[in-house]
Structures are given as C-alpha cells and as structure tokens.
Amino acid sequence: GSIQGGRRDGSGHRFFLARLRFEGLEPALGPGFFPAIQGGQTEAAALTGLCTHASFEGQGPMWLEAIATGVTDGMPLPLAPDAAGLWRSDWAPLLPALRDSQYSIGERAMLFHVTLARAALEQARRLRERHGDFTVGLTGGVFQNRLLTEQLHALLTGDGFEVRLVEQVPSNDAGLAFGQVIEVDSGFLHSSDLDPNKPINWKRMIELNGEYGVLGDLGMHACH
C-alpha cells in the first residue's frame with residue numbers, strides 16, 4: 001500500500017491521494033491467479049478461501065466486506081520507504097493470519113479490513129511528519145467498500161486529518177471514464193499541440209512559466 005502524490009487545490013489545501021495496493025501477494029496465491037486491483041480485497045478473499053473463483057470483477061471484495069464480523073485491533077505491519085521515497089507496508093505478516101482456519105472467515109475478513117485501514121493511517125502519519133498537515137482524498141474503486149472507507153475515515157479524522165470523499169463523480173471506473181472524457185476533450189482543445197513539428201511556446205516551458213503556469217494554462221483551456 002502507498003499514499004502518494006502531493007498537490008494543492010485552488011484554496012491552498014495540500015492533498016495526498018490514498019492509493020491502496022496489496023504488494024507481493026502473487027507468490028502466495030500461486031501461478032495462474034490474476035488479481036484485480038481492488039486494494040488487496042480480491043487477494044484476501046482468495047487467501048481466506050471465501051472466493052477462489054469469481055464470475056465477475058469485484059465479487060471477492062463484495063463478499064469479503066459482507067462477511068466481515070467481530071472486533072479486532074488489526075495487525076501492525078512493517079513500514080519503510082522504498083528507493084523512490086514512497087512509504088510501503090509489508091503485508092507478509094498478515095498472510096498466515098488470513099489462511100488461519102482456527103478463526104472464521106468473517107473474523108479474518110474483519111482483520112484484513114482493520115489492518116488495511118491502520119496501515120494507511122500509519123503511512124499518512126509518516127507523510128505528515130515530513131510534509132506537515134495535509135488533506136487526504138479517498139478515491140478509487142477500493143473506496144466503494146463502505147466498511148473500509150468508514151474505518152479509515154474514522155481513523156484519519158480521529159488523528160487530526162482532514163478527509164475528502166468524492167461526491168459528484170463516482171469513485172470507481174465511472175469516475176475514471178469521466179476523467180478520460182475530460183482528457184479527450186482537452187486533447188481536441190489542444191489538438192495543435194499534438195503536432196510534433198509545432199514550436200513550443202513560452203506558456204509550455206516550465207523554466208519560463210513555472211510548473212503551475214504550464215498546468216494552469218492547459219487547465220484553463222480545458223475548463224473553457
């Protein structure tokens with residue numbers, strides 16, 4: 001899992017977007033298993049034995065959320081920066097617990113959710129130590145999981161973070177599709193820039209217009 005991508009919106013708020021991924025699970029799942037990017041929920045559903053064969057994308061995560069039961073503090077996971085400076089959680093300690101049949105699948109499902117939420121909180125804390133206060137935006141299909149979203153939202157706000165959730169655009173692939181429409185529309189507005197032989201004007205040069213100036217100019221045309 002990782003939280004990355006700092007930026008500021010028009011009000012000056014600093015944002016980091018939570019991008020939750022399950023690192024290193026393919027060896028544990030074995031050859032021939034092709035996990036979907038669902039914040040590790042598909043993989044966890046397979047490891048618990050709940051859903052080893054899915055007939056549609058999202059089946060494993062949906063079942064995992066629905067069956068989660070019990071109370072747990074989660075499992076602390078090792079956290080360290082990688083070569084690129086991104087804080088990454090090591091999920092290896094959780095894998096045996098997800099397979100432990102001494103506990104019900106529902107209890108293991110809840111352990112997964114709470115552990116995932118707490119791992120994201122710890123990453124946010126490390127970023128705050130380095131960058132100061134910022135706002136966390138929870139977006140992407142993984143946050144269609146109400147249980148995970150509510151747990152992480154409570155942990156972050158309880159720790160002093162400001163948290164934003166999507167409201168007007170879906171957090172799943174529908175939101176991605178909306179962004180792609182905006183991208184294509186912007187491409188038409190800037191179609192002349194697709195010509196590799198066109199000289200780059202000063203508005204597109206970071207050394208002359210700055211990073212915000214370049215993106216701001218492109219963004220203003222997209223808004224128009």
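Glu122 is partly exposed in this predicted model, because its relative accessibility is 32%. Its side chain meets that of Arg125 in a salt bridge, with 2.6 Å from N to O. Glu122 and Arg125 belong to a network of salt bridges that also links Arg128 and Asp159. By the rule applied, the structure has six salt bridges.

**Salt-bridge network**

- Both Glu122 and Arg125 lie in helix α5, three residues apart, which is about one turn of the helix.
- Arg125 also forms a salt bridge with Asp159, where the closest N and O atoms are 2.9 Å apart. This pair links distant parts of the chain, 34 residues apart: Arg125 is in helix α5 and Asp159 in the loop between α6 and β6 (162-165).
- Asp159 forms a salt bridge with Arg128 as well, the closest N and O atoms being 2.5 Å apart. Arg128 lies in helix α5 and Asp159 in the loop between α6 and β6, so this pair ties together parts 31 residues apart in sequence.

**Accessibility of the network residues**

- Arg125 counts as partly exposed because its relative accessibility is 28%.
- Asp159, at 22% relative accessibility, is partly exposed, and Arg128 is partly exposed with a relative accessible area of 21%.

**Nonpolar core**

- The largest nonpolar core has 38 residues, and Phe112, Leu156 and Phe161 are among those with the most contacts inside it.
- Elements giving two or more residues to this core include α2 (41-47), α5 (105-131) and α6 (146-158). Helix α5 gives the most, with 12 residues.
- Beyond four places in sequence, Phe161 touches several residues, including Leu121, Phe134 and Leu156, together with Arg125 and Arg128.

Methods:
Residues are numbered from 1 along each chain as its sequence is written. This is a predicted model: local features need pLDDT of at least 70, side-chain atom pairs count only at pLDDT 80 or more; totals for chains, interfaces and linings use all residues. Side-chain values use heavy atoms; hydrogens and water are left out. A nonpolar core is a set of buried Ala, Val, Leu, Ile, Met, Phe, Trp, Tyr and Cys residues joined through side-chain atoms within 4.5 Å. Buried means under 20% relative accessible area, exposed over 50%, partly exposed in between (1.4 Å probe, protein chains only). Helices (H or I, at least four residues) and strands (E, at least two) are DSSP runs, numbered from the N terminus. Contact means heavy atoms within 4.5 Å. A salt bridge is a side-chain nitrogen of Lys or Arg within 4 Å of a carboxyl oxygen of Asp or Glu.
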